[in-house]
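Trainee: Please pick one place in this model and take a close look at it. Then show me how its surroundings are put together.

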Amino acid sequence: MEIETAWFIIVTVMLAMYVVLDGFDFGVGIIYPFVARTEAERRTALTSIGPVWNANEVWLIAAGTVLFFAYPKAYASGFSGFYLALILVLWLLIFRGLALELRAQVDHVLWKQAWDTAFTTSSLLLAIVFGTALGNLIRGVPLNRDGYFFVPLWTNFQPGSDPGILDWFTVLLGLTSAVVLAFHGANYLVMKTEGALYERAVSAAWILGWVSAGCTALTVMAVPMVQPNLSLNFSRHPGVYLTPVIGVIALGYSLYFRLCRRDLSAFLASCVFIFLMLASVMFGMHPYILVSTTDLTFSLTVHNAATDSYGLTAGISWFVGGFLLILICQIYLHSLFLGKTRSDDVH
């Protein structure tokens, strides 16, 4: 395997890990006002993610660092071209963190309602923005000969050689992302809660699971219309079709486990579904990191955007140590908070 491809896999895995882990935090935030109706239930829902949400964001920071190290030109191009979207993500992450940290600081109903609104709104918008960003990566951006681009918020709302950040395809991806992560968060909340909150989360997970299946089907049909080149790698390596197939099966099993009230299994199945569908997209994208809608030869690939092979090879040993450290810390942290969120955990 080429060292450039190895780092592409590494970036993909780290981004997928972030979406799986921080994704259930987003999902809890999206369904929060609908399932948590009393103050005690709201505190329970927030406590269920309180010990882990901050640590889950480490994967996003680490993925960005790895992207900067392995593909500096793609990092520079993407961060300049998507500047507005990235600033929006930054502010939404700030408000979500402030909501979780400041809500309990003042015992006043208006104060708590304000931060509850900030928590739900930022969680929903983050899910939509990340899904829209994925749609832009799949569709492509108007890269010029120097590897840079500018994308307005929208143009004619159609994918093409001069697209905007928003068009019907990227909006579809944004909405699909929000629904899937809401389903993921509902499965997590079911796994962590009891009583009336548990029952409402079960109902939400069941409904959102079927909506996720419908949105996923629409997305799968839309991708070849917007980016037909995505299927080329699958045609060359038919065995890899198992990746999205197993992902779809995992979604079906998540619904089945939800019906059987096997809460942990339903949550783990939704983790597998999200991870494999993202892995499928990135496999189809390879070797492209940013596809040019202007001229395909202007695209940034794992070869022309990568740092030199010596640096990539030397960086592997450093990455392995760092990756294992993050993984061990995450496993240890999550192991401390296994099981239901107990009443004595809620403050």
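**A serine and its surroundings**

Mentor: Ser-212 is buried, as its relative accessibility is 0%. Buried means under 20% relative accessible area, exposed means over 50%, and partly exposed is in between, with a 1.4 Å probe and protein chains only. The model is predicted, so local features need pLDDT of at least 70 and side-chain atom pairs count only at pLDDT 80 or more, while totals for chains, interfaces and linings use all residues. Residues are numbered from 1 along each chain as its sequence is written, and side-chain values use heavy atoms, with hydrogens and water left out.

Ser-212 is part of helix α9. Helices are DSSP runs of H or I with at least four residues, numbered from the N terminus. Apart from its neighbours within four places in sequence, Ser-212 contacts Val-179, Val-180, Phe-183 and Leu-251. Contact means heavy atoms within 4.5 Å.

Leu-251 leads on to the next helix. It is one of the buried residues of α11, which are Pro-244, Gly-247, Ala-250, Leu-251, Ser-254, Leu-255, Phe-257 and Arg-258. These lie on the same side of α11 because they cover an arc of only 165° around the axis. The arc is taken from the directions that run from the helix axis to the C-beta atoms. An α-helix has 3.6 residues a turn, so residues three or four places apart point the same way. The other side of α11 has Leu-242 and Leu-259, which are exposed.

As for its length, α11 covers residues 242-259, 18 residues in total, and spans 25 Å from the first C-alpha to the last, close to the expected 26 Å. That expected span is 1.5 Å times one less than the number of residues. The buried residues of α11 pack against α8 (168-192), α9 (195-226), α10 (232-236) and α12 (263-285). Just after α11, Arg-261 has a positive phi of about 60°.

Asp-167 and Arg-139 form a salt bridge, with their closest N and O atoms 2.6 Å apart. Asp-167 is in the loop between α7 and α8 and Arg-139 is in helix α7, so the pair ties together parts 28 residues apart in sequence. A salt bridge is a side-chain nitrogen of Lys or Arg within 4 Å of a carboxyl oxygen of Asp or Glu. Both partners are buried: Asp-167 has 0% relative accessibility, and Arg-139 has 4%.

The loop between α7 (109-139) and α8 also holds Leu-153. Leu-153 is partly exposed because its relative accessible area is 39%. Together with Leu-84, Trp-154, Phe-157, Trp-168 and Met-225, Leu-153 makes up a nonpolar patch on the surface, with about 660 Å² of accessible area together. A patch is made of residues with over 30% relative accessible area and no salt bridge; nonpolar side chains (Val, Leu, Ile, Met, Phe, Trp, Tyr) are joined within 5 Å, like charges within 9 Å. Accessible areas come from the Shrake-Rupley method with a 1.4 Å probe, and for residues only the protein chains shown count as cover.

The structure has 13 salt bridges. One of them joins Arg-103 to Glu-39, with the closest N and O atoms 3.0 Å apart. This pair links distant parts of the chain, 64 residues apart: Arg-103 is in the loop between α6 (83-102) and α7, and Glu-39 is in helix α2. Arg-103 is buried at 5% relative accessible area, whereas Glu-39 is partly exposed at 22% relative accessibility.

Key
Helix = DSSP H or I, 4+ residues; strand = E, 2+ residues; numbered from the N terminus.
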